[in-house]
2 protein chains.
Amino acid sequence: MISKNQIKYIQALHLKKNRDSQGLFIVEGVKLVTEFLADEGITVKQVYAVSDYLKKHHALLEKRNVAFTEVDVEELKKISLQSTPNQVLAVVIKKEQLLTKELLQSQTNLFLDDIRDPGNLGTMIRIADWFGIRQIICSKSTTELYNPKTLQSSMGAVLRVNVVYLDFEDLLPSLAGTPIYGAVLNGQNIYTSNLKPGIIVIGNEANGISDAVLAKITDPVTIPAADNNGSESLNAANACAIICGEFHRQLHYKA
Amino acid sequence: MISKNQIKYIQALHLKKNRDSQGLFIVEGVKLVTEFLADEGITVKQVYAVSDYLKKHHALLEKRNVAFTEVDVEELKKISLQSTPNQVLAVVIKKEQLLTKELLQSQTNLFLDDIRDPGNLGTMIRIADWFGIRQIICSKSTTELYNPKTLQSSMGAVLRVNVVYLDFEDLLPSLAGTPIYGAVLNGQNIYTSNLKPGIIVIGNEANGISDAVLAKITDPVTIPAADNNGSESLNAANACAIICGEFHRQLHYKA
């Protein structure tokens, strides 16, 4: 049973301005919430779940000492952002994520320059996780990490990738000679380039990389299209997937 | 000015059952509609557009002999499926797409096994177009090509890729020894495989490739994850992008 005040308080967190002011966000669904609960780096403030979920995950809730409220399906619908809510919703405390310079100088990192679609951001975090990229730096204009759609499409990868918001000019001093790769339309063929660990810049869905960041790219790269193609571009998340895959191949499986 | 009957008739096409029974579908937005109008293989039945669009594209409408109706922004909202309609909506006649055996035996093709999300289907058509794949075969359970979200996310690639609906067992006799690659979790490392032109099977978003199709795969392939990754999978469209990219690399840019 959930009170009217609690419903109002959770519904408020559907909006970014309240997530920002409260330092809280919402996670939904059996798989994602359970992953968040199991992660010791995360503080879950409160869980709202149907009785089946609470029974099944009682030990985990006890172990992590998380407060929980039993709700029925109708109550869950009121607090959920999903069209078909899946058993559980958690309110989680945001954790400040800071730039890890070590990661920046030793491994492949991603810089997302003004990515607007939360689904794309979440998908790119999932791609990074798959290929072992442990840090993503987002321009401050990039969409919100805590948007429910971002979290949903990241499929839990947010728990394993450090996502930092920092504009490129503020990142620059930390790069210290690292190659700066940029996904552009007229760069070097990525398949014949000799890729090294560095930072990979992915630009905005409609406009690509901004002029200010473009000026700092040391290695512009392009995914070559087939001769008989008529398309103008790939979706930003798909371009990111192909580029991260090619870095992974060259750094680990090059003949 | 658009009549109430016309509004009803177009709104009916928002539903698949009516698109099926009428043999018609809807295309929206300046860029997409103009590409459809310019394509001589396409029959646009009727265009509904604001006066700016009609003025600018008058010559094209004349040349293609397409009937048009001027609408205002409020009328366009009534017939559109988009939250912010973009100047124009066209009603287009479906064209039967048949399997091209020649393409099947000489080039890389895609088989989509029960892809459910229209956005994913559209994106995969766009990926195919980019890499010069000219034919996609979809299982009959795969989502509809004429779903407005499919068309929107394909960004016009539907005009350049032959998309055929055919179950795998009915496709098999035409394969005649072509390698059948399947994206699976425990196949051969795609980066160290020796890829040849063949058919690439991409499975359902949640369940992967169905058992019946899996039994016919001759070359199971996997995108290797990093050792330190914690993720279980990539999104189907991203996996498709990486695999098509790697085929493209090996067939065109292998050192």
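1. Let me start with the layout of chain A: the centres of its domain 1 and domain 2, taken over C-alpha atoms, are 31 Å apart. Do keep in mind that this is a predicted model. Along chain A, residues 4-93 make up domain 1 and residues 101-252 make up domain 2.

2. Where these domains of chain A meet, domain 1 brings 10 residues to the contact and domain 2 brings 6 residues. On the domain 1 side, three elements of chain A supply at least two residues each: α2 (16-22), β1 (24-28) and α3 (30-38). The top contributor to that side of domain 1 is β1(A), with 4 residues.

3. The side of domain 1 of chain A that touches domain 2 of chain A holds 5 nonpolar and 5 charged residues, and no polar ones.

4. Now to the pair of chains. Chain B is superposed on chain A by a rotation of 180°, with 0.0 Å of shift along the axis and an RMSD of 0.0 Å. The two copies are therefore related as by a two-fold rotation axis. If you want a landmark for that axis in chain B, look at B:Ile242: its C-alpha is the nearest to the axis in that chain, at 2.4 Å.

5. Which surface serves the two copies? Both use the same one: of the contact residues of chain B, 100% recur in chain A.

Technical notes. Residues numbered from 1 in each chain as written. Chains lettered and ligands numbered in written order. Predicted model: local features only at pLDDT ≥ 70, side-chain atom pairs only at ≥ 80, totals over all residues. Least-squares fit on C-alpha atoms with pLDDT ≥ 70 in both. Contact = placed C-beta atoms within 7 Å. Domains from an automatic or database assignment. Nonpolar A, V, L, I, M, F, W, Y, C, P; charged D, E, K, R; others polar.
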